[in-house]
Amino acid sequence: EAIQDRGYIALISGNHDETPRIANGRSQAMMKLIFLFLLTMPGTPFIYYGDEIGMQFIELPSKEGGFQRTGSRTPMQWSDEVNAGFSKAPAKDLYLPIDNSSDRPTVADQEKDPHSLLNYVRLLVKTRHELDALNADGHFEVVYAENGALPFVYSMMKKGQKMLVALNPSNRAVSLELPEDLMQIKPKIITGVNVSEINKTATGWDLELGPVSGVMYRIS
């Protein structure tokens, strides 16, 4: 929500000063989970170029004061063409080199894969635009957050529309019973990563999440 009428918090996936990049050492499922969180929180999301395809930080000598941050500033990887489709100039003339890894992600490759990180980020951006509850000024409320415990569960609400988001970034399955009066309608899955159903019990709602998983439900 707006902070004392001074604007909105900006949640970022990264920037030119962040090192390493957010994708380093993380699986595609974890990256999808990170973007599910980023794009369902209040405020203004900011996606640093290349994070939407999982570009990696690479070790490079400092360039004009970049120091250890230089490796987060390499050219965008568009395709498998020369210089990853960024430029047709000789490689030696590029300001910074292209990631030469054989498995480097590219936009062209991920556009062809309906399950790619890029296409999931596009789905989340589209969903955010379509749902009032996910507006920058949507009302955010923590449903469950305990130190050392998972999942993290929160809701977003605006204009009578309410979304419930549950996230489990751990490598183990977790479960949680939610109060019966939390849901005004039968929960409807909007999107998620390794999605699990939520089931009605005699006393509430049983939420079970597998390892590295998350889900967004519409609950009113």
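Which residues are linked with Asp 17 in a network of salt bridges? The network consists of Asp 17, Arg 69 and Arg 73; a salt bridge is a side-chain nitrogen of Lys or Arg within 4 Å of a carboxyl oxygen of Asp or Glu. The model is predicted, so local features need pLDDT of at least 70 and side-chain atom pairs count only at pLDDT 80 or more, while totals for chains, interfaces and linings use all residues. Residues are numbered from 1 along each chain as its sequence is written, and side-chain values use heavy atoms, with hydrogens and water left out.

**Overall architecture**

- The protein contains three helices and ten strands; helices (H or I, at least four residues) and strands (E, at least two) are DSSP runs, numbered from the N terminus.
- Read from the N terminus, the order of elements is β-α-β-α-α-β-β-β-β-β-β-β-β.
- Along the principal axes, the C-alpha atoms fill a box of roughly 65 × 40 × 35 Å.
- Of the 220 residues, 44% are buried; buried means under 20% relative accessible area, exposed over 50%, and partly exposed in between (1.4 Å probe, protein chains only).
- The accessible surface comes to about 11,700 Å², and 52% of this area belongs to carbon and sulfur atoms; such areas come from the Shrake-Rupley method with a 1.4 Å probe, and for residues only the protein chains shown count as cover.
- Among contacts between residues at least 6 apart in sequence, 62% join residues at least 24 apart; contact means heavy atoms within 4.5 Å.

**The five-strand sheet**

- An open sheet has the strand order β3-β4-β5-β10-β7, with antiparallel pairing; two strands pair if DSSP finds at least two bridges between them.
- Strands β3 (139–144) and β7 are at the edges with a single partner strand each, so one side of each has no neighbour in the sheet.
- From one strand to the next, the twist averages 20 degrees; axes are lines fitted to C-alpha atoms, for helices over the stretch in contact, and angles run from 0 to 180 degrees between N-to-C directions.
- Strands β4 (residues 152–158) and β5 run antiparallel and are joined by seven bridges, and Val 153 has Ala 166 in β5 as its bridge partner.
- Helix α1 packs on the sheet and touches β4, β5, β7 and β10, its direction making about 130 degrees with that of β7.
- Helix α3 (residues 117–130) also packs on the sheet, where it touches β7 and β10; its direction makes about 145 degrees with that of β7.
- Strand β10 (residues 213–218) has five of its six residues buried.
- Six bridges pair β10 with β5 (residues 161–168) in the antiparallel sense, and Gly 214 in β10 is the bridge partner of Leu 167.
- Five bridges join β10 to β7 (residues 188–193), again antiparallel, with Val 215 in β10 opposite Gly 192.

- Strands β6 and β9 (residues 204–209) pair over six bridges, and Leu 176 has Leu 207 in β9 as its bridge partner.

**Salt bridges**

- The structure holds nine salt bridges.
- In the pair Asp 17 and Arg 73, the closest N and O atoms are 3.1 Å apart.
- This pair links distant parts of the chain, as Asp 17 is in the loop between β1 (10–12) and α1, whereas Arg 73 is in the loop between β2 and α2, 56 residues apart.
- Arg 122 and Glu 111 meet through their side chains in a salt bridge (3.0 Å, N to O).
- Because Arg 122 lies in helix α3 and Glu 111 in helix α2, the pair ties together parts eleven residues apart in sequence.

**Two buried loop residues**

- Gly 43 is located in the loop between α1 (28–38) and β2 (44–46), and it counts as buried because its relative accessibility is 3%.
- Not counting residues up to four places away in sequence, Gly 43 touches Tyr 8, Ile 9, Arg 128 and Ala 136.
- Ser 79, in the loop between β2 and α2 (107–111), counts as buried because its relative accessibility is 12%.
- A polar atom of the Ser 79 side chain lies 3.2 Å from the backbone nitrogen of Glu 81.

Conventions:
Polar contact = N/O pair within 3.5 Å; in protein donor to acceptor, adjacent residues only side chain to side chain.
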